[in-house]
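Welcome! Take a moment to look over the structure below, and then we can walk through a few of its residues together.

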Amino acid sequence: MQVDFYHLTRQPLARVLPRLAERVVAGGARLLIVTADAEQRAALDRLLWDYAPESFLPHAIAGAMDDAAQPILIAGDTQAGNGARHVLIADGMWREEALGFDRAFHLFDESGIAAARAAWKGLTGREGVERRYWKQGDRGWEQAA
């Protein structure tokens, strides 16, 4: 199980999340995007429809359509109604249930750095868990740990 911590310092969530989602779907996998905030779920739904005119990311908000048919599902919890094995935590709040997936993307900005550090430390030495810390540098994303 791999957990990728993405520290958003130069680009906002709205720029980073669609690119990660594109890569997951292009690789033939399904993605669950999690945020406890209903307004953020609605904003992410709109974002995935119109973030780039030349692309389309098929998705839905959990419970709005046939969840099982969705390559990308936006939900308030970690119940992957679409069978996703990849989870993206969009609200910066680590959830232990993410360890039940094959890969987790934990995105956070400066306001969530203390919680991200606590999550990082909490995963130290966990068997079967590989952690990676990514930060935005001058040349794009750089793996810092």
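## A threonine in a loop

In this predicted model, the side chain of Thr35 comes to 3.4 Å from the backbone nitrogen of Asp37. You will find Thr35 in the loop that runs between strand 2 (31-34) and helix 2 (38-50).

Is Thr35 buried or exposed? Its relative accessible area is 0%, and anything under 20% is classed as buried, so Thr35 is buried. Setting aside residues up to four places away in sequence, Thr35 touches Gln40, Arg41, Leu44, Ala75, Gly76, Ala90, Asp91 and Arg95.

## Helix 1 from end to end

Now turn to helix 1, which covers residues 13-26.

Which residues of helix 1 are buried? They are Leu13, Val16, Leu17, Pro18, Leu20, Ala21 and Val24. Just after the helix, Gly28 has a positive phi of about 85 degrees.

What does Val25 contact, leaving aside neighbours within four places in sequence? The answer is Pro71 and Ile72. Val25 can also be compared with His86: the two are 61 residues apart in sequence, while their C-alpha atoms are 10.0 Å apart in space.

Terms used. Residues numbered from 1 in each chain as written. Predicted model: local features only at pLDDT ≥ 70, side-chain atom pairs only at ≥ 80, totals over all residues. Heavy atoms only, no water. Helix = DSSP H or I, 4+ residues; strand = E, 2+ residues; numbered from the N terminus. Buried < 20%, exposed > 50% of the residue type's maximum accessible area, 1.4 Å probe, protein only. Polar contact = N/O pair within 3.5 Å; in protein donor to acceptor, adjacent residues only side chain to side chain. Contact = heavy atoms within 4.5 Å.
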